[in-house]
Amino acid sequence: MMKTIATLSSALVGIAGAQPIVIAHRGASGYLPEHTLEAKAMAHAMGADFIEQDIVLTKDDVPVVMHDIYLDTISDVAQKFPDRHRANGRYYALDFTLAEIKQLNATERFSEKTGKQVYPKRFPKGASSFQIPTLEEELELIEGLNKSTGRAAGIYPEIKQPKWHRSEGHDISAIVLPILKKHGYATKTDACIVQCFEFEEVKRIRTELGWEGRLIYLMGSFKKGEKVTNEKPSLAEIAKVADGIGPAISADIVDVVAQAHAAGLQVHPYTLRIDDLPKWAKSTEELLHLLFDVAKVDGLFSDFPDVAVRHAHGGK
Ligand code: G3P
Ligand code: CA
């Protein structure tokens with residue numbers, strides 16, 4: 001395993017700023033249900049440089065790969081365990097053991113209110129059979145594909161809602177980071193970029209928890225010249241602990257990238273969805289041109305990694 005990881009450092013495109021990276025957002029989630037191992041294998045085959053893992057904990061403290069703390073919009077939990085919701089009607093991964101979560105069928109994301117799939121042109125809701133993977137199952141899959149294909153893809157794990165997890169008595173970062181290290185991801189030359197939306201946790205990951213690898217602070221929307229607030233730190237403050245930022249794609253991305261680069265931060269915006277472009281973008285190609293060629297982002301999250309790879313790497 002260590003040998004496979006060691007070979008990755010030479011393939012760290014984008015990290016050194018030479019070539020931007022394409023990050024498969026929840027895998028090739030434009031084509032298969034998000035965060036399933038099938039979606040991750042497809043993303044690897046499509047040439048994604050990094051593959052994303054959103055991570056939450058089960059009741060028995062096993063990190064699993066899913067976007068929300070809720071199970072009810074990506075699985076059949078409401079049919080299999082109808083009485084296990086909280087007072088708000090939601091089914092929390094944290095209330096289920098891994099053995100229970102493994103009984104669920106994962107599916108294309110659907111609306112909690114209407115039950116209809118969020119992106120109607122994507123993989124049909126409820127079709128075929130998929131599981132919610134553990135973090136370690138996914139790391140083994142990517143390590144295996146790196147070995148069998150000879151093409152090294154990195155991992156891009158996101159610690160989901162650490163403050164909430166801690167309020168429930170579970171320290172998600174303290175559980176996830178040792179697993180990354182066990183799999184050989186520990187330093188900035190390893191093909192791993194940890195990300196988090198909560199700046200207090202980004203600081204804690206770097207200081208108290210001693211993470212020495214790459215680290216990205218997810219900023220949500222971030223506008224040109226935006227003022228510092230209690231919720232949002234300055235770019236200079238971010239640069240003390242993180243290697244870059246993940247802002248939402250915005251029309252002023254050119255200015256956002258310029259500001260961040262001036263602060264020594266890389267920029268990996270999210271999320272390119274060819275079936276849900278921003279209203280101001282005329283076409284996928286125009287948006288890709290703006291992001292990669294004009295703004296010069298260092299990376300891009302995409303539900304359609306093949307489309308981003310074609311533009312960023314010329315059909316690699
Ligand atoms: O982590 C980058 C991007 O995935 C952030 O948005 O909500 O899809 O996790 P989200
Ligand atoms: Ca994410």
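**Close-up 1. Strands β2 and β4, side by side.** In this predicted model, strand β2 (residues 50-57) pairs with β4 in the parallel sense, over six bridges. Look for Phe 50, which stands opposite Gly 154 in β4. Strand β4 is mostly covered, with six of its six residues buried. That goes for both faces: Gly 154, Tyr 156 and Glu 158 are buried on one side, and Ile 155, Pro 157 and Ile 159 are buried on the other.

Close-up 2. Buried or exposed, by its relative accessibility? Glu 158 comes out at 3%, so it counts as buried, the cut-off being under 20%. Leaving aside residues up to four places away in sequence, Glu 158 touches Glu 52, Gln 53, Asp 54, Ile 55, Gln 195, Phe 197 and Leu 218.

**Close-up 3. An aromatic cluster with five members.** Phe 50, Tyr 156, Phe 197, Tyr 270 and Phe 301 make up one aromatic cluster.

**Close-up 4. The Tyr 270 and Phe 301 pair.** The count of aromatic pairs comes to ten. One of them joins Tyr 270 and Phe 301 edge-to-face, at 6.4 Å centre to centre with 85° between the planes. What does this pair tie together? Tyr 270 is in the loop between β8 (266-267) and α11 (284-295), while Phe 301 belongs to strand β9 (residues 299-302), so the pair links parts that are 31 residues apart in sequence. Tyr 270 and Phe 301 are both buried.

**Close-up 5. Two charges over rings.** How far from the ring centre of Tyr 119 is the charged end of Arg 122? The charged end of Arg 122 sits over that ring, 3.9 Å from its centre. Lys 125 does something along these lines with Phe 110, lying over the face of the ring at 4.4 Å from its centre.

**Close-up 6. Met 46 and Pro 305.** Met 46 sits in the loop between α2 (37-45) and β2. Its relative accessible area is 17%, so Met 46 is buried. Along the chain, Met 46 and Pro 305 are 259 residues apart, yet in space their C-alpha atoms are 6.6 Å apart.

Definitions and conventions: Residues are numbered from 1 along each chain as its sequence is written. Chains are lettered from A and ligands numbered from 1 in the order in which they are written. This is a predicted model: local features need pLDDT of at least 70, side-chain atom pairs count only at pLDDT 80 or more; totals for chains, interfaces and linings use all residues. Side-chain values use heavy atoms; hydrogens and water are left out. Rings of Phe, Tyr and Trp (its six-membered ring) pair if their centres lie within 6.5 Å; planes under 30 degrees apart count as stacked, over 60 as edge-to-face and the rest as tilted. Helices (H or I, at least four residues) and strands (E, at least two) are DSSP runs, numbered from the N terminus. Buried means under 20% relative accessible area, exposed over 50%, partly exposed in between (1.4 Å probe, protein chains only). A charge sits over a ring if NZ of Lys or CZ of Arg is within 6 Å of the ring centre and within 35 degrees of the ring normal. Contact means heavy atoms within 4.5 Å. Two strands pair if DSSP finds at least two bridges between them.
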